[in-house]
Structure formats: structure tokens, C-alpha cells
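Please read the points below beside the sequence and the model.

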Amino acid sequence: MPEIASGQSPEAIDQAVALLRAGRLIGLPTETVYGLAADADNPDAVRQVFTAKGRPADHPLIVHLGADDLLTHYARDIPDAAWTLAEAFWPGPLTMILKKAPDVPDVVTGGQDTVGVRMPGHPVALSLLRAFAEAQRQAGKAGGGLAAPSANRFGRISPTTAQHVADELGDAVPFILDGDDCQVGIESTIVDLSRGKPIILRPGAVSAAQLSLVLGEPVAMQSAVASEPPRVSGSLASHYAPQTPLKVGDAEMIAQALQQSQRIAAIVRDDAGLKSQPNVVVLANHPAAYAHDLYRVLRELDAGGYFQILVQALPDSVAWAAVQDRLNRAAHRDGLDKP
Ligand code: TXA
Ligand code: MG
């Protein structure tokens, strides 16, 4: 099994930098979910990410940066909007899609002419990114970004603890930095700035309203404007599914189903009037708190041997859009794991 070391320890950061510089992978905590990181400028290292995840080669990775000025190494024709958003939301749970710089390896971008970039807001991720970029600089190498998808096997639930990463990937990752459980708990907002108008490809903790406010123009969700197929692997309908069938229903339906079978598990909100017990998890009726716990709870119930997981329907409000998106995907089992 992989070694798990505290991300607070300078020795652990040094060890992670050494592994990355040797072309190896490491598990990395971020404020959203854990990532599986490789040197973004080393195509052989990045290829191992795809092997470890079982991810199809045409699904692009996000490049994580420890400093804004690295943007120009990975992206070109950077619009003012990108600098404005970086200033407002980095470090934080926002990924921007920009035109890629010529030197970015094709394996990072899945052969596309764009690249996803983000500066994560987790202190361990930032200290690693800064130490890695500095080590590369001292060695006379350009770059210093880390290509990192979520550290789960393709099509499975993203990990929110170091132990989840070990459970998902086993020996495919030699070393995991532990940064406790992820504060946000669901993946970053992805906004595409490469095609003129900003478009959200994946909703997350940074909302459309926040982006619109900072940019001074409306920012739409891709689904509302899409004429071409989405380019985000996270937009596969089944992308975050647990193995246990998952169904959404109202509190009353769930209460009845629970009386009929002990092999049913449920996730409800604290307004449902149901008590927590081994097969019933009560989550806070607040989107950020709910997002923080959702993947961990899905993972735990998925391992519980239940034949179905019922989830109380979420309030129909934009505040819940990102959580709603992940729940829809988890409930959708057709074509699981198919690109
Ligand atoms: O919160 C996050 O974003 C986490 C942490 C580790 O940073 N990362 C993450 O990576 O969720 P991943 O690979 O699981 O999802 C990234 C998504 C993918 O769906 C990918 O298709 C999309 O970003 N993406 C990356 N580069 C892209 C590009 N050039 N164009 C369109 N989509 C892109
Ligand atoms: Mg993922």
C-alpha cells in the first residue's frame, strides 16, 4: 500500500518533490477533493496518471499552479477576464479553460488546443506546488505546475481523505500527502474562457452569480447554451456514481421504504424529521455543509452492502446547483464508466 505522510511535515514535502522530479505520482490534498499529481511538463509521468486511474487518454487534466505568473507558461492569448478571475478567486475552487501554450504536452490536454488551470486553496497543495516549482527553477527547468485529476479510479467517487486515495488506487500511487478531509468536498467550478463568452462547464463552490459579479457580464452554464457536446469527462452522466443503485425521492417515500427493508440506506437532510442510524445519514440542510460530507457518505454507504441508496431530493434553488449536479450524476447508472 502507499505511504501516507502528514503534509505539515517539511520532510514529507521534500519527499513528494523528489518523487515528482523523478517522474513519479503522488496523492495531493486540495480544498475540493484529493488529486493524483504528476509533473505537468513530463509526458511520461502524466501518462502514468491515466494508467493509474484507468482513464481514457482523450480526457484532459487540470494543471495546478502555485503562482499566477506560471499561467503564461501553460496558456497563451490569456484574456483580461482570466487575470480578473485569478485575482478574485485564486487560490480557490475555480478552474479556467484557456488556449494552451505550445509547450504543454498533448497528453495533459487530451490533444485539445486548450488547457485547464487552477491554483488550489489548500495550504499543503500550495506548499508542495511552491517547493516543486522552486526545485525545477533551481534545476534550470521551466514550468513547475502539476497535472492532477481527482485521485479516484475513472468513473468513481472522488476521494476527500488520504485514506480514500489509498483505497482507490492502492500501489498505483507510491506516496500520499495527508491534508485531512477536504473543506469543499466536491470538484472545482470549471469556467471556459477559451471561446469568447465565459461558460461554466462544471458547477462548483464558486457560483455563476459570483463569476458574473466579478466579470460584470452574465456567465451561463454550458447545458443552457450547448449546441456542441460537452468536453468535460465530469459531464458524463454517470461520472460520480457509487456501485449501489442510487435513487432520489421525497422524505415521505424514504421513510416508508426504510420501514419496509433494512437493506436500504438513506441520505436525508436535517429538515426531514428522520433520525440518524447506521443506514440513515442526516446531512445539514445547507449546500456547503452538504457538499463537504456527500462523497464521504456515499463512499461509506456504498461499502455497506445495501441494495439501494435513497437520497432526499434537494431544494430547487441555485444555491444547490453544484450539489444537485453531482447527485444527478450519482443517480444515473446508464453507461457507467463509458466515455
Ligand atoms: O477540484 C478539482 O478540479 C479537482 C482537484 C484535484 O483539483 N480536480 C478534478 O480533476 O476534478 P478531474 O480530472 O477529475 O476533472 C477535471 C475536469 C475533467 O472533467 C476534464 O475533462 C476537464 O476538467 N478539463 C480539463 N482540461 C480541460 C480542457 N482543456 N477543456 C475542457 N475540459 C477540461
Ligand atoms: Mg474526476
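**Notes on the model**

1. Asp44 and Arg47 lie three residues apart in helix α2 (residues 43–53), so about one helical turn separates them. Their side chains meet in a salt bridge, with 3.0 Å from N to O. A salt bridge here is a side-chain nitrogen of Lys or Arg within 4 Å of a carboxyl oxygen of Asp or Glu. Arg47 is partly exposed, with a relative accessible area of 45%. Buried stands for under 20% relative accessible area, exposed for over 50%, and partly exposed for what is in between (1.4 Å probe, protein chains only). Helices (H or I, at least four residues) and strands (E, at least two) are DSSP runs, numbered from the N terminus.

2. This is a predicted model, in which local features need pLDDT of at least 70 and side-chain atom pairs count only at pLDDT 80 or more, while totals for chains, interfaces and linings use all residues; side-chain values use heavy atoms, with hydrogens and water left out. Residues are numbered from 1 along each chain as its sequence is written, and chains are lettered from A and ligands numbered from 1 in the order in which they are written.

3. How many salt bridges does the structure hold? There are 14. Among them is the one between Asp106 and Lys100, whose closest N and O atoms are 3.9 Å apart. Lys100 counts as buried, since its relative accessibility is 12%.

4. Another salt bridge joins Asp325 to Arg326, the closest N and O atoms being 2.8 Å apart. Are these two residues buried or exposed? Asp325 counts as buried at 14% relative accessibility, and Arg326 counts as buried at 1%. Salt bridges with shared partners link Glu187, Asp325, Arg326 and Arg329 into one network.

5. Some backbone angles deserve a look. Most residues other than glycine have a negative phi, and most peptide bonds are trans. Asp77 is not a glycine, yet has a positive phi of about 50 degrees. Asp77 sits in the loop between α3 (71–74) and α4 and is exposed, with a relative accessible area of 55%. Asp180 also has a positive phi, near 60 degrees. The loop that holds Asp180 runs between β8 (175–178) and β9 (189–192), and Asp180 counts as exposed at 54% relative accessibility.

6. Which residues does a cis peptide bond join? The bond lies between Trp90 and Pro91, with omega about -10 degrees. Pro91 is placed in the loop between α4 (80–89) and β5. Pro102 counts as exposed, because its relative accessibility is 71%. Strand β8 has parallel partners, and two strands count as paired if DSSP finds at least two bridges between them. Strand β1 (residues 3–6) pairs with β8 in the parallel sense over four bridges, and Ser6 stands opposite Asp178 in β8. Strand β2 (residues 26–28) also runs parallel to β8, joined by two bridges. Here Gly27 stands opposite Ile176.

7. The largest pocket holds about 460 Å³ of space. On a 1 Å grid over the protein atoms alone, a pocket is an open set of points with protein on both sides within 12 Å along at least five of seven lines, a cavity is a set of points where a 1.4 Å probe fits but cannot get out, and lining residues have an atom within 4 Å of a point. Grid points are joined across faces, edges and corners, and a volume is the space filled by probe spheres set on the points.

8. What lines the largest pocket? Its lining has 21 residues, and Gly204, Ser207, Val318, Ala319 and Ala322 lie nearest the centre. Helices α8 (208–215), α11 (287–302) and α12 (321–331) are the elements that give two or more residues to this lining. By type, the lining has 17 nonpolar, four polar and no charged residues. Ala, Val, Leu, Ile, Met, Phe, Trp, Tyr, Cys and Pro count as nonpolar, Asp, Glu, Lys and Arg as charged, and the others, Gly among them, as polar. Domain 1 (3–224) and domain 2 (246–331) each supply at least three residues of the lining, the domain bounds coming from an automatic or database domain assignment.

9. The structure also holds two cavities of 30 Å³ or more. The second largest cavity has about 30 Å³ of space. Thr160, Thr161, Asp181, His292, Asp293 and Arg296 line it, which divide into no nonpolar, three polar and three charged residues. At least three residues of this lining come from each of domain 1 and domain 2.
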